[in-house]
Amino acid sequence: DMLQFFAQGARYEHSRYPVDLSLGVEAAFPHLGKMKEAGQVIELAAVLHAESNDAKSAANDLSLALALAGSLRAEPNQHSQFVRTRLVALAMAGLEQGLNRAAWPAQELAEILRLLQNMEAYDARGEGFSRGVIGERVTAITLLGRPDKFLELLPVLGVDISAERRAQMVARLQSGTLQSEERYYDQALIRLMTARQQVFPDRLKSDDLIRQEVTDAATKQFVLAEFLLSGLRNVASKEAECLAYLRLGLAATALEQFRIAHDNRYPATLSELTPGPLACVPTDPYDGQPLRYKPKSDGYVLYSIGPDLKDKFGQRLSGKQGNIVFEVVTPANAPR
């Protein structure tokens with residue numbers, strides 16, 4: 001029943017969850033926790049259907065998983081974009097497990113490829129995460145313009161800060177003179193958005209920029225701006241993770257299409273996929289190099305170097321160490 005409801009929602013190209021964004025930092029996003037659970041359910045459904053050799057249903061499950069992730073793409077909230085990345089990762093885990101269990105029909109693979117291409121283009125432009133950054137900017141500027149409200153919410157917003165830093169923030173808020181902090185924060189966000197116009201991997205430098213802005217704010221004793229800017233660290237790295245999963249999915253889907261068309265054989269290199277299923281070889285957003293691809297006797301290993309920027313030769317990501325891996329070990333016979 002749940003999957004049938006998801007299928008109804010997936011028919012809509014655009015969606016919006018009932019969030020009152022006018023509440024700013026107090027806006028509630030209760031759907032996000034439920035969506036992570038839904039993503040896990042859909043992943044497991046895809047694996048179960050593939051295990052039962054029902055590849056068509058598994059492909060439909062994957063389409064639902066991508067639609068679920070895509071429903072958050074316009075939500076102007078950074079946490080929403082992080083959840084979207086998690087949903088994309090779950091979808092690609094379902095694809096990886098599914099391709100190791102059943103041969104997916106060519107028509108379904110073509111539809112999955114189309115969905116992934118649309119999502120990859122959106123994330124390559126940075127639209128989702130940029131909306132999240134802009135949402136953070138609007139919320140922060142509103143708080144800085146209302147010291148009384150900021151002071152009221154500080155116990156909730158600053159649960160992890162030290163007693164000394166909290167006292168400094170309280171003193172600054174009680175002074176009521178926040179124009180310098182507001183100006184510094186706004187200028188820092190303008191510089192960030194300018195840096196975000198770069199394509200990956202150069203867009204990763206925007207994370208370095210924010211770390212420097214946080215350091216500069218601390219030096220200038222702009223304790224409030226420092227606090228607010230700290231929440232924007234590692235945005236580009238998380239965005240690159242989302243893009244890496246999408247590009248791995250693109251390459252894996254194209255590899256299956258190639259296998260169907262070439263007598264159950266995978267290509268020796270990803271360049272054989274172009275021109276054809278792909279217009280160009282997908283690059284790793286972390287270093288700009290082509291995704292790493294290693295054919296094996298029966299399958300292949302495909303991977304991105306991941307957030308630590310180190311090639312571990314296909315060692316799976318654990319925490320922040322290792323590579324983002326997509327591996328097909330025992331592919332089912334390709335349909336004729």
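**A buried charge and a pair of helices**

Reader: Which side chain of opposite charge is nearest to Glu75, and how far away is it?

Author: This is a predicted model, so the values here are computed from it. Glu75 is buried yet takes part in no salt bridge, a pairing that would need a side-chain nitrogen of Lys or Arg within 4 Å of a carboxyl oxygen. The nearest side chain of opposite charge lies 7.2 Å away, and it belongs to Arg16.

Reader: Where is Glu75 placed, and which residues does Glu75 touch, leaving aside those up to four places away in sequence?

Author: Glu75 sits in the loop between α3, residues 55–70, and α4, residues 78–99. Not counting residues up to four places away in sequence, Glu75 touches Tyr17, Phe29, His31, Leu32, Ser80 and Gln81.

Reader: At what angle do helices α1 and α2 pack, and which residues make the contact?

Author: Helix α1, residues 2–10, and helix α2, residues 31–51, have axes 11 Å apart and pack at an angle of about 105 degrees. The two helices are therefore roughly perpendicular to each other. By class, their contact has 7 nonpolar residues, no polar and no charged ones. From α1 come Met2, Leu3 and Phe6, and from α2 come Ala38, Val41, Ile42 and Ala45.

Methods. Residues numbered from 1 in each chain as written. Predicted model: local features only at pLDDT ≥ 70, side-chain atom pairs only at ≥ 80, totals over all residues. Heavy atoms only, no water. Axes fitted to C-alpha atoms, helices over the stretch in contact; angles between N-to-C directions. Parallel < 35°, antiparallel > 145°, perpendicular 65-115°, else oblique. Contact = heavy atoms within 4.5 Å. Nonpolar A, V, L, I, M, F, W, Y, C, P; charged D, E, K, R; others polar. Buried < 20%, exposed > 50% of the residue type's maximum accessible area, 1.4 Å probe, protein only. Lys, Arg positive; Asp, Glu negative; His and termini not counted.
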